[in-house]
Amino acid sequence: MSVAIETEGLTKRYGRKAPGIEDVNLIVAPGEVFGFLGPNGAGKTTTIRTLLGFLRPTEGKARVFGLDIRRESVEIRARVGNLPGEFALEDRMTGEGLLKFFARLRGVKDLVYAHELSERLGAELHRPMRRLSRGNKQKIGLVQAMFHRPPLLILDEPTGGLDPLVQEEFLDIVEETKAEGRTVFFSSHVLSEVERVCDRVGIIRDGQLVTVEPTHALVDKAFRHVRLTFDEPVDREPFEKLRGVEDLRVEGPRVFLTLHEAPDEMVKLAAKHRLVSLEYERPTLEEVFLTYYGANGGHS
Amino acid sequence: MSARTGQTSTVAAKPSRHARSRGTLSVLILHAVRLRIRSIVIWGIALGLLALVTIASFPAMEEQGQQLNDLVESYPPEMREAFGIGEGTDLTTVEGFMASQVFNFMAPLALAFFPILASSAAIAGAEERGTMDVLLGNPLPRWQLVAGNFAATAISLLGVLTILGLFTWFPAALLEIEELSVRETAEAVLNLLPLCLFFGGLAMLCSALFHRRVLATAIPGAILVAMYFVNALGNTVEELEDAQPLSAFHYYGSAIENGIDWADFAGVTAVALALVLLAALAFRRRDIYT
């Protein structure tokens, strides 16, 4: 079975005005849920639109299910359900009309799954688009991307404009999609949802893919927040000398620090005192993400 | 680098590419026509009312026909031509009267904007509105967007022309103006088709090239007006005579008086189709804008 998405040196330059993407190398396996992270303007949408054939790559190659994005775009789109990041729907059409139209284009015989998805997401299918709020249009956007059960879902900021309950329902649907062996590639800057459902994440910064790792590995190898409480005040200096310590704060018997190294040295130092409690906390993906986008431009 | 799960993806069996292509094209055409039904009715009735008022005023004009002819004769020839009253047009006949008031002046100038607006909305407009990415998320070849929308425009135009024809012929029949036959009416309205398709094709090319609706409307609109005046004034202004064959109006004639010139009809239609082909080629390789 060919990989779901494979890019080699994929580059899209718009000219001097807008940055595009540069030398993106990425493999997404079938059945995987892949989170594509980055702030607005980092290149997430450019990558997605290039994969779908909306933008012509400047350099490099990409294949979706082994199909070339330049020559076989129609075949690719037959296998992909897509939710664009910025989109509008024909004002005068209703959601039902739009789904019927897309079903005919795709040769889908019935709308049973479309109606099921609409009900779960609370999409209003019988009002014209011009009367729908952004969130309601987003729901119809999601339904049209998913109703034909494509082998690959490519979703650009799928939860934008959705209320928290609908976001939860959407994440459940993503998990079901994965359970069916289908692939999901979605871009987001909402880290909590990515952390919850994605097997792996890619972080894109200024058009370049900075890192691709399993979600848990990205969090595991990152720094930890440490809080130590002793039975009496402790000296600050030995803690300052520990390797990889940042944001050290000593308040009497309590020590707070961020540790970028393995905890061995710190544990041995702490053991020299009588330790009352130890909290060793994983950062959120949000904090990990910020290390790539820190004030100094982060590190890669 | 990739964490493979070992699960297989479910690629459903697909019909052959050609079978699906035919299917998507007809679905696209039907969809585009459906979205335009309201415009078809509005355009048809607006132009139809012009025809109806004109034909209803004919019996009164007929009584003063010779005076009217004399009055028009006294106009400068450039002005006569600019208002669609060509050499030899006899305002005392219903055909001549309808030609001068509707079919050689207002109808082609106004109706050409129907395909111009439709074509500019089909690509550049869809990009500006943001509907293009959702539509192209479907397995549609880009050429089908061009061809399907153009075919839908042609069908919509036939709808407008049918309404215009009915609004022309029925009042004539009610007022017992027997000189205006069904055939003459049909030829008069059908003759508008190639000219309108030409400007629709031009707008489609601009829409495919520029991805900005204002350009895809303004450029063909300006060319429409320029071609009209080059042709109209070419009959009296010597300097413009050589440029007349470059104007689509040169091949339009006056079908209500002389019948359709089928060679010109086919020629202008072929040029319109060539413009659509160029539009499809231009659109095939360019970036889609949002």
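This is a predicted model: local features need pLDDT of at least 70, side-chain atom pairs count only at pLDDT 80 or more; totals for chains, interfaces and linings use all residues.
**Entry 1**

For the complex, the predictor gives an ipTM of 0.85 and a pTM of 0.85.

**Entry 2. Confidence by chain**

I then checked the pLDDT. Chain A has a mean of 91, with 97% of its residues at 70 or more. Residues 295–300 of chain A stay under 50, and for them the model has 7 contacts beyond four places in sequence. Chain B has a mean of 88, and 91% of its residues reach 70 or more. Among the elements of chain B, the lowest mean pLDDT belongs to α4(B), at 73, and the highest to α11(B), at 97. Over residues 1–14 of chain B the pLDDT is below 50, although this stretch has 38 contacts in the model beyond near neighbours in sequence.

**Entry 3. Chain A in outline**

I counted 11 helices and 14 strands in chain A. The chain is divided into domain 1 (5–218) and domain 2 (223–281), and the C-alpha centres of these two domains lie 44 Å apart. Along the principal axes, the C-alpha atoms of chain A fill a box of roughly 75 × 40 × 40 Å. Of its 300 residues, 43% count as buried. Among contacts in chain A between residues at least 6 apart in sequence, 68% join residues at least 24 apart.

**Entry 4. Chain B in outline**

Chain B has 15 helices and 0 strands. Its C-alpha atoms fill a box of roughly 90 × 45 × 30 Å along the principal axes. I found that 47% of the 290 residues of chain B count as buried. Of the contacts in chain B with a separation of 6 or more, 78% come from residues 24 or more positions apart.

**Entry 5. Helix α12 of chain B**

I tested the length of α12 (residues 213–234) of chain B. At 1.5 Å a residue, its 22 residues should span 32 Å; the end C-alpha atoms are 31 Å apart, so the two values agree. Buried residues in α12(B) include B:R213, B:P220, B:L224, B:M227, B:Y228 and B:N231. Among the elements that cover the buried residues of α12(B) are α4 (77–82), α7 (113–129) and α11 (192–210) of chain B.

**Entry 6. Nonpolar cores**

In soluble globular proteins, nonpolar side chains tend to be buried together. I therefore looked for such groups here. The largest nonpolar core has 153 residues, of which A:V143, A:F185, B:V146, B:V160, B:C196 and B:M204 touch the most other members. Helix α9 (residues 142–174) of chain B gives the largest share of this core, 14 residues.

**Entry 7. Single residues**

I located A:T94 in the loop between β6 (80–83) and α3 (95–106) of chain A. A:T94 counts as partly exposed because it has 19 C-beta neighbours inside 10 Å, whereas a buried residue needs 20 or more. Leaving aside neighbours within four places in sequence, A:T94 is in contact with A:L125, A:H126, A:R127 and A:P128. A:T94 and A:V33 are 61 residues apart in sequence and 31 Å apart in space, C-alpha to C-alpha.

I also looked up positive phi values. Most residues other than glycine have a negative phi. A:D247 has a phi near 50° and lies in strand β12 (residues 245–251) of chain A. With 10 C-beta neighbours inside 10 Å, A:D247 counts as exposed. B:E176 has a phi near 60° and sits in the loop between α9 and α10 (182–190) of chain B. B:E176 is exposed, with 7 other C-beta atoms within 10 Å.

Notes. Residues are numbered from 1 along each chain as its sequence is written. Chains are lettered from A and ligands numbered from 1 in the order in which they are written. Domain bounds come from an automatic or database domain assignment. Helices (H or I, at least four residues) and strands (E, at least two) are DSSP runs, numbered from the N terminus. The expected span of a helix is 1.5 Å times one less than its number of residues. A residue is buried if 20 or more other C-beta atoms lie within 10 Å of its own, exposed if 12 or fewer, and partly exposed in between; C-beta atoms are placed from the backbone. Two residues are in contact if their C-beta atoms, placed from the backbone, lie within 7 Å. pLDDT is the predictor's confidence in each residue, from 0 to 100. A nonpolar core is a set of buried Ala, Val, Leu, Ile, Met, Phe, Trp, Tyr and Cys residues joined through C-beta atoms within 7 Å.
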